[in-house]
Amino acid sequence: MIENLLIEIFIGITIASAPLIFAAIGELLVERSGVLNLGVEGMMIVGALLGFVVISHTGNPYLAVLAALVAGMMIASIFAFLTQFLLTNQVATGLALTLFGLGFAAFAGRDYTEVTIDLIGPIHIPILSEIPYIGPSLFSLNPLIYLAFFMVYLVWWFLFKTKQGLILRAIGDNHDAAHAIGHNVVLYRFMAILFGGAMAGLGGAFLSLVQVPIWGEGMTAGRGWIALGLVVFASWQPFRIILGAVIFGGITVLQLHAQGFDIRISAQYLSMLPYLATIVILVSLRMRLKNKTNRTVPNCLGRIFHSTT
Amino acid sequence: MSNRRFSSVLKLSILSVVLAFTGSVSADPVKAAFVYIGPTGDHGWTFAHDQGAKYVKEKMGDDVVITTVESVEENSDSERVITSLARKNDIIFTTSFGYMNPTVKVAKRYPDVKFEHATGYMLEDNLSVYSARFYEGRHVIGKIAGRMTKSNVIGYIASFPIPEVIRGINSAYLAAKSVNPDVSMKIVWVYTWYDPGKEADAANALIAQGADILMQHTDSTAPITVAEEKGIYAFGQASNMREWGPNAQLTGIIDDWGPYYLARVQAVKDGTWTSSDTFDGVKQGMVKFAPMNNNMPVDVKNEAMKAIIDLSMGAIHPFTGPINKQDGTPWLAEGETPPNFPDLLTMDFYVEGIDSKYPN
């Protein structure tokens, strides 16, 4: 009975972390290119809505996931157009798009609050899922969770093992120098923003397609903002995102289970912990600025790029 | 008389006749506003209030103009919303406990506007409070849960440790215990009224820890969808949630605010409104129940129906002694029932037998 409980807790933690992993890994790529996208929450919620709408009409989970990707990308393209071509302030634009996304999703989703769908269920990897303990926990997860881990690996591989990834990081650190060498700063950033939006949409869709089979306005409940904090916590390192998401997302699940066992840990203190840790990390980053390391803020984060040629 | 003077006298007389005519045919409609804590699409708490508002509109037609504002958070923003509504409305209903202080503040600043605060306890000359005896509803579902559970663990998803929620927990537990002495309750506090993801997490955690019946004091349909998926039982909260749990829902507590809202808005129109303190239950029709589902045996159904009838006649009280507090100190003597104030309205203790620690 205790192993079943541990497996349930493990699965609960993966379900709580997956939306954060998607949104944060997308945002990590965007911030590595030097753009601060605060519109993550808005992109997540429209992804949640469109994925839900498509699956309720077609019953096709693949189409629904694709729709969520596209929804996030569309909001992101507005952000990209405004910040890269019209050179608007990234912080203000991101905030505006979060508000817009939340309001638009609430409005467009009015008729869908009474609909329930069939959730995308977990898959059982043959043979591997038979292994005691590890099988039911690691190898019987929802396919979208495996996709989340894969996206983390993909982003890491892209950033650190490809030439384009190197260029993108260079753009994030010094967009004027990168431009002088001849790289297309706007194009790289545009693509990165679209990717970030797609991932945020996917993260939102996880909520409405996997976690609860309903749509409710505001159902992202601030997870987009948590994802933004997560990127800092992870010091812009892809694999650290998983660690951070498990901590941020897992704390809620663990705390709920602890209550069931009557272990009284103050909910408020526990919720504070991940953010306190983020502040500590930020402070230690400043102190290590002189060293060569990948674990620093992309130098041009948030700065508007004016091409001078 | 010159032509010009004649035409202006003619225009003036026509104008005054028209004005007098329209003045006597239509009176100003009453303007009523509702402040909601969540979306009407929650199909729970806010949905029920909105049904009440719609009932008023249906009954009063053009005599009332209704404004609703959804998803207003229980922080300083609520004061802004209530203030802006107070400038243009005659009566405002604030439908969540956490709106208490902002409502009191705005009520003091706008003495000519009437305010009604749900589930609160602060009164002013122009501020009423109203609440429903949800604990009577919990009594009925507690009895059903006590009979239907096989694992003897009832899972309770609670929101905030305020008296209303504590009353519900205590009432449900006592009722379940009265039909099943071995029953226990696992209570999880999610510190939100509406967060489908977190409510689902709480539901899953309770089920993993052995609960085979769920009760909730949160506003969304998420817990009952989890119950449906996992093949266990649950109850609809504030509205009939059968659509989301066709096999899971045994019955549900339905908040029927319509008649009360109609009476209050009509009182404003008639000029008879005075500050009041309403605490109605099954007897007055404020607490209703979803139809009993066919997934329970006939004798359980009959027992529940009898409890509903007893409540509607005032023949039983869910809190009837002997009952002790969780720490063993006596609360109610044999046959004694508690007064509204302070026992019920400021309840801040678990009853004896609940083995969770009381939240701080």
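## Chain A at a glance

Of the 309 residues in chain A, 48% count as buried. Keep in mind that this is a predicted model, so treat what follows as a description of that prediction.

What is chain A built from, helices or strands? Helices: there are 12 of them, and zero strands. If you read along the sequence, the pattern is simply α-α-α-α-α-α-α-α-α-α-α-α.

## Size and packing

The radius of gyration of chain A comes out at 20 Å, close to the 19 Å that the globule rule gives for 309 residues, so chain A is as compact as a globular protein of that length. Its C-alpha trace spans about 65 × 45 × 40 Å along the principal axes.

Now for who meets whom along the chain. Take the contacts in chain A with a separation of 6 or more: 79% of them are between residues 24 or more positions apart.

## The largest nonpolar core

How many residues does the largest nonpolar core have? It has 195, and A:Ala24 and A:Leu230 are the ones with the most contacts inside it. Helix 9 of chain A (residues 185-211) provides the largest share of this core, with 16 residues.

## A closer look at A:Leu230

Which residues does A:Leu230 touch? Leaving out residues up to four places away in sequence, A:Leu230 touches A:Leu20, A:Ala24, A:Ile241, A:Gly244, A:Ala245 and A:Phe248. One of these, A:Ala24, is the residue named alongside A:Leu230 for the most contacts inside the core.

Note on methods: Residues are numbered from 1 along each chain as its sequence is written. Chains are lettered from A and ligands numbered from 1 in the order in which they are written. This is a predicted model: local features need pLDDT of at least 70, side-chain atom pairs count only at pLDDT 80 or more; totals for chains, interfaces and linings use all residues. A nonpolar core is a set of buried Ala, Val, Leu, Ile, Met, Phe, Trp, Tyr and Cys residues joined through C-beta atoms within 7 Å. A residue is buried if 20 or more other C-beta atoms lie within 10 Å of its own, exposed if 12 or fewer, and partly exposed in between; C-beta atoms are placed from the backbone. Helices (H or I, at least four residues) and strands (E, at least two) are DSSP runs, numbered from the N terminus. Two residues are in contact if their C-beta atoms, placed from the backbone, lie within 7 Å. The radius of gyration is taken over C-alpha atoms; the globule rule is 2.2 Å times the number of residues to the power 0.38.
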